Amino acid sequence: MPIKDLINKLDELLQQQQDKSRFNKYKNPLLSLITPGWYFADSFKLNHSVPLKWENYEKNDYVSKLANNINEIDTSIPEGSTFEVNFCSWYQPYHFAPRDKWGVHIRYRCWGTLSVELYRECPNLINNCIDSVKAAFFYLYIHEFFHHLIENVTSIIEIECKDPFLYVNYLSNIYTKIFNTSECLEESLANSYLFERNDLCHIEKEYLERKLLNQNPGYNSFINYSGANFKDGLNQLISQIATNFEYSSTAKIINIAEKTEFTNIQYLENIPIWIHQTPLPLY
Ligand SMILES: [Zn+2]
């Protein structure tokens, strides 16, 4: 289902809700993890005039700007590249306001320092500035794209089960409670999804494996869900989200997930991408 239709159906479902007090509590639980300073900061939308593909990406202004200045990027303060933990990148769901900023968010400085790291250390990228900048982008994007896929699958379940609160309940009661711990299955799977797509981000597999194994708890458990184990992990995660539904319904939903985005690596497009340069002052 095209993303626009999915969002419209979700809105229709929300409008049908009788319980307005619940509707009013529909706040984004992720704000407790990604500080509002970054979450609501000014950001620039990357232009999608061409499909999001490796071959097209050097036409992007940010890529050439970073590549041309790669030797001037200040790496004296380590930024880290553990996605949400370092506020390096995050996914802003369309379930919450402000919906005009939903999509993948990337911090420019972190994209830069990660590019330098790949340029200096990643065996297949050493001294290749353009490809290092592109690889850093796809590394961040593919991980965050997984969170988008999970939101989409949840929306499909919500529409099917006529319950628009599954996603917010999962984020509030499960994800935010176990974030940055070894229990955080969604982060393990997001990294596993990225690891299996090392050809899309052009980062040598062994290098990528070492890098992800050095990340924070949860993130570094990706290795338990690589290869054939990914499917089991995905089933577990969907069971966490659709916790109130019977197995037969969950099994049907897993089918939806398998038939659509999760097996289709070409589905890397049409997601808004936002670049952040400065946090919002919090005073
Ligand atoms: Zn993540």
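Helix α6 (residues 129–161) is mostly covered, with 28 of its 33 residues buried; a residue counts as buried if 20 or more other C-beta atoms, placed from the backbone, lie within 10 Å of its own. The model is predicted: local features need pLDDT of at least 70, side-chain atom pairs count only at pLDDT 80 or more, and totals for chains, interfaces and linings use all residues. Residues are numbered from 1 along each chain as its sequence is written. Helices (H or I, at least four residues) and strands (E, at least two) are DSSP runs, numbered from the N terminus. From its first C-alpha to its last, α6 reaches 48 Å, close to the expected 48 Å, the expected span being 1.5 Å times one less than the number of residues. K162, which follows α6, has a positive phi near 55 degrees.

Four strands form an open sheet in the order β1-β4-β3-β2, with mixed pairing; two strands pair if DSSP finds at least two bridges between them. β1 (43–45) and β2 are the edge strands, each pairing on one side only. From one strand to the next the twist averages 25 degrees, axes being lines fitted to C-alpha atoms, for helices over the stretch in contact, and angles running from 0 to 180 degrees between N-to-C directions.

Strand β2 (residues 89–92) runs antiparallel to β3 (residues 103–107), joined by 4 bridges, and W90 stands opposite H105 in β3. S89 and Y91 point one way from β2, W90 and Q92 the other way, and all are buried. β3 pairs with β4 (residues 273–276) in the parallel sense over 4 bridges, where V104 stands opposite I273.

Note on methods. A residue is buried if 20 or more other C-beta atoms lie within 10 Å of its own, exposed if 12 or fewer, and partly exposed in between; C-beta atoms are placed from the backbone.
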